Amino acid sequence: MSKLISPPVRTEIPAEAPVQVPAAGPRGGIDWARVFAFPNPVNEYSARITAAFVVLLSAATLLTGFGWGLAVIAAGFWLRVLFGPRISPFGLLSVKVITPLLGKTRLVPGPPKRFAQGIGAALSTAAAVLSAAGLAPAAWTLLVVLIVAASLEAFAGFCLGCVVFGMLQRRGLIPEDVCEACNDISLRRR
């Protein structure tokens with residue numbers, strides 16, 4: 001019995017059709033580490049601009065009392081913590097438009113910034129859940145905490161989440177290899 005071998009099927013893709021191929025992983029599948037990558041290092045000016053957008057949206061949500069704004073804020077934080085600035089509207093605007101116009105660069109380690117985004121995601125998600133459960137005073141209290149933390153980052157360059165990250169790393173709760181530049185001052189870039 002002979003094997004039937006069919007010729008390979010060729011499909012032509014028009015040149016103008018955008019083709020997105022996921023990054024291949026070590027075994028030929030999707031490289032999930034690359035999909036969920038966060039930049040390292042991070043331009044501090046981009047982070048501060050993103051924080052300013054968070055302050056503006058959070059203040060508008062607080063002043064108007066629109067609970068759906070909490071869900072929008074939470075979604076933005078989750079996009080940034082999971083995918084970095086690649087998908088987040090605030091992240092894209094900061095990294096691709098405003099920071100290049102400023103022409104300023106100050107590179108800082110990425111892992112503490114991702115940790116800070118995670119804290120923002122937790123706070124804003126908790127506020128959205130509390131608001132949906134009819135516990136508006138608690139939701140607005142968490143939003144005020146978020147506004148204070150984002151304002152410190154945006155206007156004073158003080159990242160509260162980064163400070164907490166450093167304290168946890170010094171106590172051994174975050175392994176040193178998560179952020180080597182955080183431990184070795186000589187690895188930090190200016």
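Reader: How many salt bridges does a search of the whole structure find?

Author: The search finds 2 salt bridges. This is a predicted model, in which local features need pLDDT of at least 70 and side-chain atom pairs count only at pLDDT 80 or more, while totals for chains, interfaces and linings use all residues. Residues are numbered from 1 along each chain as its sequence is written, and side-chain values use heavy atoms, with hydrogens and water left out.

Reader: Why is the meeting of E44 and R106 called a salt bridge?

Author: The term requires a side-chain nitrogen of Lys or Arg within 4 Å of a carboxyl oxygen of Asp or Glu. The N to O distance between E44 and R106 is 2.1 Å, so the pair meets this definition. The pair links distant parts of the chain, 62 residues apart: E44 belongs to helix α2 (residues 44–64), and R106 to the loop between α4 (89–102) and β2 (107–108). Helices (H or I, at least four residues) and strands (E, at least two) are DSSP runs, numbered from the N terminus.

Reader: What makes E44 buried or exposed?

Author: Buried means under 20% relative accessible area, exposed over 50%, and partly exposed in between (1.4 Å probe, protein chains only). E44 has a relative accessible area of 8%, and therefore counts as buried. R106, at 28%, is therefore partly exposed.

Reader: Why is the pair of F53 and F90 called stacked?

Author: Rings of Phe, Tyr and Trp (its six-membered ring) pair if their centres lie within 6.5 Å; planes under 30 degrees apart count as stacked, over 60 as edge-to-face and the rest as tilted. The ring centres of F53 and F90 are 5.2 Å apart and their planes stand at 25°, so the pair is stacked. F53 lies in helix α2 and F90 in helix α4, so the pair ties together parts that are 37 residues apart in sequence.
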